[in-house]
Amino acid sequence: AGIKKDLKIAFLPKQINNPYEVIADNGGLEAIKEMGGVGKVVGPSDAGASSQVSYINTLITQKQNAIVIAANDANAVVPYLKKAQAQGIKVVTFDSDTAPEGRTLFINQADSESIGRGQIQLLSKLIGGEGEFAVLSATPNATNQNTWIKWMEEELKKPEYAKIKLVKVAYGNDDDQKSFVETQGLLQAYPNLKAIVAPTTVGISAAARYISTSPKKGTFVVTGLGTPNQMRAFVKNGTVKAFQLWDPGALGYLAAYAAANLASGTITGKEGDTFEAGKLGKRTVGKSGEVILGPPTTFDASNIDNFNF
Amino acid sequence: MSDQPLSPRLELRGASKAFGEVQALLNGCLALYPGEVHALLGENGAGKSTLVKILAGVHKPDTGTLVIDGVQRHFARPSDALEAGIAVIYQEPTLFADLSIAENIYMGRQPLDRLGRIRYDEMNRWTQEMLVSLGVSLKATQRVQGLSIADQQVVEIAKALSLNANVLIMDEPTAALSRPEVERLFAIAERLRTANVAILFITHRLEEVFRLTQRITIMRDGAAVYFAQTCEMDHDSIVARMVGRDLSTYYPKADVTPGEIGLSVRRLSRTGVFRDISFDVRQGEIVALSGLVGAGRSEVARAIFGVDPVDSGEVHVMGHKLKLGKPATAVRAGVALVPEDRRQQGLALDMPIARNTSLTVLNKLVRFGLISGKAERELASQWGSKLKLKAHTVDAPAGTLSGGNQQKVVLGKWLATHPRVLIIDEPTRGIDVGAKAEVYQTLADLVKEGMAVLMISSELPEVLGMADRVLVMHEGRITADIPRVEANEERIMAAALGQTDPASRKAA
Amino acid sequence: MATPPKLNLRFTWEAMLCVVLVMSLGLGRGLSAEFLGTANISNLLADFTEIALMALPMTLIIVAAEIDLSVASVMGMSSALMGVLWHMGLPMPLVVVLVLAAGVLAGLFNGLVIVRLGLPSLAITIGTLAMFRGFSYLLLGDQAIADFPANWTTFGISTVGESFLPQPFILVIIAAIGFTVLLQSTAFGRSLYAIGSNQTAAHFSGVDVARTKIKLFVLSGFMSALAGIIYTLRFSSARGDNGEGFELSVVAAVLFGGVSIFGGKGSLVGVLLSLLIIGVLKNALTLYDVSSEVLTIVTGLLLLSSVLVPNIAERLRAARIKRVMAAKAVAAR
Amino acid sequence: MSTTFMSQHSPGIAVTTQPAPERQHWFLVLARNRESTLLVVLLLLIVGTGLAEPAFLSWHNARDVLLNVAITAILTAGMTVVMLMRHIDLSVSSTLGVTAYAVGSLFMAIPGLPVPLAIVAGVLIGLAAGCVNGALVTFGRVPSLVATLSTLYIFRGIDYAWVHGGQINATSLPDGFSHIATGNVLGLPILVIIAAVVLAGVGYYLKFFRGGREFYAIGSNPEAATLAGIRVHRRVFTGFLLSGALAGLAGVLWLARFGTVDASTGKGIELQVVAAAVVGSVAITGGVGNVWGATLGALLLGVINISLVVLRVSSFWQLAIQGGLIVLAIVSDTLLSRRMARWSMKKRELG
Ligand SMILES: Nc1ncnc2c1ncn2[C@@H]1O[C@H](COP(=O)(O)OP(=O)(O)OP(=O)(O)O)[C@@H](O)[C@H]1O
Ligand SMILES: Nc1ncnc2c1ncn2[C@@H]1O[C@H](COP(=O)(O)OP(=O)(O)OP(=O)(O)O)[C@@H](O)[C@H]1O
Ligand SMILES: [Mg+2]
Ligand SMILES: [Mg+2]
């Protein structure tokens with residue numbers, strides 16, 4: 001049995017105006033169009049824990065076939081997603097997961113562990129294996145970032161990173177100005193700081209912009225997760241050597257296919273299920289309902305011009 | 001006064017103005033000649049201020065024509081009137097508390113240099129000269145915030161004078177002033193009159209009319225009803241034309257033997273305001289607290305009532321010590337304060353009359369914790385009819401009443417608490433003769449019922465007419481305690497100016 | 001004098017709101033067939049539970065010509081505190097009591113600073129808006145606490161029996177009745193209007209202005225804490241940033257309800273209607289897939305209309321009376 | 001919240017009819033001039049932070065602080081003008097957001113756009129927003145808090161609906177434009193110089209021109225202002241226009257400084273701006289304050305922000321400390337002026 005036609009699939013991003021989420025949603029909508037379904041994107045304009053709930057309720061009332069959600073809060077939405085599931089609506093999370101009972105599948109950009117560890121590995125390479133660094137995160141409550149930071153700390157425990165020290169986790173609240181000021185403060189407060197890792201697209205570009213105008217440009221390391229379009233100028237002018245990200249569009253695309261397959265009954269979401277995800281090919285459901293998009297790409301001067309998102 | 005020039009400087013004909021459904025002015029007429037002081041008289045709400053505001057360009061009249069120096073004019077805004085040479089001192093002070101005296105006087109007309117910048121030095125110098133010529137020790141750069149009412153009035157006068165206007169309109173300028181300030185004002189007015197300025201003067205104190213003015217216009221219910229030379233009129237004939245009836249007993253002093261001590265004040269002091277205030281008021285007695293504006297009388301009243309803090313001293317009401325500092329405690333002990341500024345302190349102008357009246361007795365109107373709107377309205381109508389309140393309905397906002405009627409609402413709201421001690425601050429400020437007579441009658445009745453009354457007043461006739469005893473304050477101290485029979489204007493004024501009264505030692 | 005109050009056909013904002021409410025319900029039904037379904041009505045009501053709980057005391061505060069912008073931060077702080085206390089192993093009932101007490105303390109702090117020092121509440125509560133939010137981050141940092149006991153969180157999300165009434169909404173109903181009686185027909189409520197329209201006169205009339213205002217801020221702190229508890233239970237999630245930005249929604253709902261920002265005017269009936277209208281419109285438009293962006297604009301327009309419409313109506317009335325009076329004046333001459 | 005604040009019968013302000021004595025206690029002089037108090041606090045903060053972390057006193061850091069504060073200070077100046085009139089403008093953050101994005105889009109559409117023209121465009125957009133606010137407050141007689149709270153929502157909503165998930169990156173902006181934030185003249189960043197000129201201009205206008213004084217008059221006593229012949233409506237309208245224009249300018253500068261803007265740019269800064277003005281002794285009740293004080297207020301908050309980071313205070317403490325300091329600033333300002341009034345009262349009593 002293939003994917004049903006005319007499936008109603010709704011994307012519910014963290015925040016409807018977040019540029020990163022918009023790329024992901026557009027990838028999802030593209031996939032739904034390929035499958036001949038009816039897709040739409042709804043969502044709040046603020047990232048509060050509860051603001052997605054009324055949209056979930058609305059989607060239930062509208063009798064959608066599947067909801068694809070990037071959760072603002074791992075727990076706040078769960079009771080309502082359960083309600084949706086009880087009414088036969090399939091729930092897929094992407095980008096940011098909920099507690100497992102809230103969804104059937106989680107489409108992970110790359111597994112959190114390898115993102116976190118990967119960031120440290122990249123950092124170590126960039127600073128030559130020793131020195132102080134700080135993390136510039138999004139909000140204190142951002143689930144993804146907190147998980148990744150946890151894995152970074154895990155990775156740092158390995159003996160080969162003994163000379164690398166995480167001195168501070170600062171929060172830019174995914175606000176450009178705040179991230180900018182935080183970067184500035186970090187440099188003042190830690191004169192020996194050699195690098196900033198910003199695992200958020202807003203943070204990394206703010207940090208890069210601050211460094212690009214400071215005397216430390218070229219010697220100071222800025223890395224983390226960012227989109228190529230945002231970072232291109234900084235890579236070209238030498239502020240940033242390398243950073244990582246996956247293709248958010250592909251993430252949304254994969255999530256849409258996973259949702260459609262669930263809603264069509266071709267998979268149930270148990271470990272080992274496989275499904276066709278259009279141009280991404282065949283994918284397998286992993287442990288506890290996770291589907292991994294793939295390892296993140298590392299962008300640097302040599303390859304950045306091949307990407308446009 | 002027979003050599004009146006033929007053409008008036010300013011003439012208003014057939015002016016009418018309605019505020020919503022209130023016809024404030026209907027066929028208002030006025031002719032003002034150079035070199036005269038012209039009295040505009042009438043009961044509260046007769047439309048005097050409305051007429052003034054039309055002359056000042058504040059209100060646009062619904063009908064009527066305004067002719068100035070023979071040319072018909074339309075004022076769209078106050079600046080038009082200023083340009084036409086009309087200066088106005090309004091009934092309510094119109095000062096900028098946060099700005100300096102100089103800026104208050106020259107706002108919108110500051111002297112400028114070639115680049116359009118304000119020349120502060122020049123502005124301050126001019127102002128200082130003017131203040132000196134008015135004989136006050138104020139500084140041009142001083143902020144208006146904190147000036148006494150009399151000094152504020154001086155600033156208003158300076159503002160009007162600085163305009164070099166040929167028409168000066170003064171709407172009840174003396175209401176908040178005591179004798180010396182009034183004299184000063186009159187001297188200025190006289191000087192301007194001889195300089196051929198036309199002056200319009202509004203007051204409710206008829207003795208001032210005879211002192212200062214040459215001609216009179218009397219208004220009633222929004223219309224000008226009578227014109228005359230002042231010298232042709234006397235007190236009673238003016239009153240009769242204003243009120244439309246005769247007022248026989250003006251000061252109905254009741255003959256009551258004083259009873260027990262109702263209010264007793266001992267060594268009350270507050271730093272910088274008043275010191276060592278001690279006196280008694282017996283039941284059935286009216287004690288007047290007299291003195292100049294700024295002597296600190298109101299402050300004493302407010303301290304007793306618990307509105308203002310005190311530094312030391314005691315107050316006893318009906319023999320019980322009163323805990324100072326909270327009006328609610330004073331009310332429960334049987335004290336009522338009718339404050340001097342009814343608009344600021346007496347009424348919530350946006351609220352209905354009924355709700356204003358009930359505010360002091362809310363706890364008594366409560367049934368099972370809930371307020372009964374019916375009881376509230378009944379209370380208001382009951383006190384309204386007792387005090388002959390002229391109001392359309394008790395549901396109308398208090399702000400829509402004329403001054404005298406507002407005063408009655410304040411009086412009513414306090415009498416409703418059935419107080420043992422009534423402190424009444426400037427009971428007749430800004431109210432017309434008819435209303436005054438009613439207030440005096442009410443006071444007389446209350447005293448007969450055994451109320452102890454402390455009356456603060458700047459009007460000497462009222463003090464002499466109503467009080468059993470006169471206390472005089474000067475710069476925060478009591479300087480005289482004069483019994484009714486010995487009281488006269490000279491002794492009170494002397495004590496108010498700080499001379500030690502020969503006969504009376506300090507009270508109590 | 002004192003003629004019986006004549007039949008008053010003047011425009012009242014509450015009557016207007018009733019009409020708007022009926023229209024919005026009609027609109028909702030027209031836009032979506034599911035609108036009047038039990039589940040949807042239930043969601044609609046649940047959605048503004050916290051806003052309503054905070055709007056009630058806010059109405060009283062604004063009537064008294066003050067404002068409390070820190071409500072949402074107190075709510076967030078309560079949520080965070082609830083999480084911390086629960087993690088410390090305290091029993092739930094005790095947690096609830098302690099959280100409410102903390103809300104009262106926060107309100108008391110606002111009240112004391114504003115009243116005892118005579119400072120403008122707008123400025124002070126902007127400060128405490130940041131301060132209390134800061135406290136909630138101090139309490140919880142980057143954690144989110146979600147493991148509240150199931151019987152409590154069930155209360156947050158279930159309805160009364162089979163009906164459409166969400167259980168937490170019962171609290172809103174009870175509080176709404178309580179506050180309406182308090183404001184509209186007790187001595188306390190009366191004194192609020194007096195304070196709002198002339199604080200000095202109220203003080204001179206023996207109203208204990210200082211104490212009354214402190215009570216208001218304490219009440220506001222209490223209700224915000226209650227809102228924080230309900231919020232935490234509804235979403236079984238205690239986080240430092242819970243309720244961020246709610247203060248403006250609360251103020252907007254109160255003002256749209258016809259309460260004058262200058263104090264002294266307005267009624268709780270109006271505010272309750274306003275809450276319902278905003279809830280219904282939001283729900284109906286969301287069901288119709290109108291984006292949240294447009295909803296923001298609608299909120300702004302509603303708020304504006306609450307002042308503009310009465311102003312225009314009043315001006316039209318004044319113009320009509322003016323014509324009549326002018327004609328009378330001419331006739332009288 | 002308008003006319004009936006405690007101050008009407010608050011003790012203290014009553015008696016100052018005597019000319020002030022010639023020589024005054026240093027404390028009185030300091031306390032009377034609220035700005036100087038603020039300056040002292042600011043210096044203490046800077047020196048204190050510098051002692052703990054010498055790097056803080058570097059020229060580079062001073063430059064950064066000035067750059068950060070410049071934009072807020074411009075907004076605060078606009079807010080000062082409005083607050084002087086006893087009004088408030090909460091919509092500045094939304095105006096700033098819309099302007100920043102609009103000017104960015106303009107650069108995308110016309111890559112060769114001259115920089116001055118971009119600034120003019122930004123100011124014009126700000127003026128349009130100010131025009132809406134001014135019209136609502138004057139012609140519509142909507143209280144400014146309500147009017148600008150509404151337009152805060154409406155402008156932001158329009159921004160959201162238009163921008164959606166779009167974003168403008170520094171890459172799309174011409175170098176000449178970014179130069180505003182990065183380039184120096186006489187060692188000072190151009191952006192800071194622009195801000196300083198604007199602030200000085202507004203401050204000078206408020207002090208030395210009739211129009212400026214009228215803002216004070218209106219806030220001090222609106223009715224008296226009418227009676228003094230001031231065209232109150234026109235002036236209030238102008239005030240909102242000015243506030244809008246400054247918010248527009250701030251939007252352009254924001255774009256130059258941060259390079260990245262999206263739909264939520266500047267969200268929430270209106271409260272920071274009001275806080276800065278209030279800390280800078282601009283009375284929310286109108287009639288009192290000036291641009292110098294407001295700028296000091298903005299500087300103080302800006303320096304606090306960065307000090308906390310530099311002093312390695314946990315991120316979780318920052319907001320709490322900031323809020324506490326705002327409350328403390330208002331409270332100490334008031335207590336100080338009261339103490340001063342009581343002091344002069346005592347003097348009168350004794351002398
Ligand atoms: N702005 C206004 N709105 C509504 N009614 C008004 C307004 N101004 C005046 N009135 C009403 O118009 C009438 C005339 O008022 P006006 O102030 O002219 O009286 P007045 O003669 O000056 O009285 P007083 O001696 O008390 O000052 C009164 O009934 C008053 O209530
Ligand atoms: N409205 C006011 N604003 C500022 N200060 C005031 C005000 N009223 C009174 N004062 C101050 O209080 C002092 C004494 O008050 P006030 O003038 O009321 O005394 P009083 O003897 O009661 O006079 P009055 O005849 O006005 O009742 C004055 O010197 C003045 O400085
Ligand atoms: Mg009058
Ligand atoms: Mg007095």
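Which residue does the side chain of Arg13(B) meet in a salt bridge? The partner is Glu11(B), with N and O 3.4 Å apart; a salt bridge here is a side-chain nitrogen of Lys or Arg within 4 Å of a carboxyl oxygen of Asp or Glu. Arg13(B) is partly exposed at 40% relative accessibility, and Glu11(B) is partly exposed at 22%. In these terms, buried means under 20% relative accessible area, exposed means over 50%, and partly exposed lies in between, for a 1.4 Å probe and protein chains only.

The structure is a predicted model, in which local features need pLDDT of at least 70 and side-chain atom pairs count only at pLDDT 80 or more, while totals for chains, interfaces and linings use all residues. Residues are numbered from 1 along each chain as its sequence is written, chains are lettered from A and ligands numbered from 1 in the order in which they are written, and side-chain values use heavy atoms, with hydrogens and water left out.

The arrangement of the chains comes next. Five pairs of chains are in contact, and chains C and D share the most contacts among them; contact means heavy atoms within 4.5 Å. Chain A and chain B, by contrast, do not touch, and their nearest C-alpha atoms are 37 Å apart.

For chain B, an unreviewed UniProt entry lists residues 10–246 and 256–500 under "domain: ABC transporter". UniProt positions are given in the numbering used here, feature names are shortened, and annotations may be inferred rather than shown by experiment. The span 256–500 of chain B is 36% helix and 26% strand, and its end C-alpha atoms lie 30 Å apart. Helices (H or I, at least four residues) and strands (E, at least two) are DSSP runs, numbered from the N terminus.

Chain B also provides the donors for two magnesium ions. Donors are N, O and S atoms within 2.8 Å of the metal (3.2 Å for Na, K and Ca), and water is not among the atoms, so sites may look incomplete. Gln91(B) is partly exposed, at 32% relative accessibility.

The magnesium ion that is ligand 4 is coordinated by Ser298(B) (OG) and Glu340(B) (OE), at 1.8 to 2.3 Å. This pair links distant parts of the chain, with Ser298(B) in helix α9 (residues 297–305) of chain B and Glu340(B) in the loop between β16 (335–338) and α11 (342–346) of chain B, 42 residues apart. Both Ser298(B) and Glu340(B) are buried.

Helix α9(B) is itself mostly covered, as eight of its nine residues are buried. Among the buried residues are Arg297(B), Ser298(B), Val300(B) and Phe305(B). Gly306(B) follows α9(B) and has a positive phi, near 90°.

Over all chains, the structure holds 56 salt bridges. One of them joins Arg143(B) to Asp98(B), with the closest N and O atoms 3.8 Å apart. Here too distant parts of the chain are linked: Arg143(B) is in the loop between α4 (120–133) and α5 (149–162) of chain B, and Asp98(B) is in the loop between β6 (86–89) and α3 (101–106) of chain B, 45 residues apart. Arg143(B) is partly exposed at 39%, whereas Asp98(B) is buried at 17% relative accessibility.

In chain A, Glu182(A) forms a salt bridge with Lys178(A), the closest N and O atoms being 3.3 Å apart. The two are separated by about one helical turn because they stand four residues apart in helix α6 (residues 176–189) of chain A. Glu182(A) is buried at 2% relative accessibility, while Lys178(A) is partly exposed at 31%.

Residues 48–64 of chain C are 88% helix and 0% strand, with end C-alpha atoms 24 Å apart. Residues 294–313 of chain C are 100% helix and 0% strand, with end C-alpha atoms 27 Å apart.
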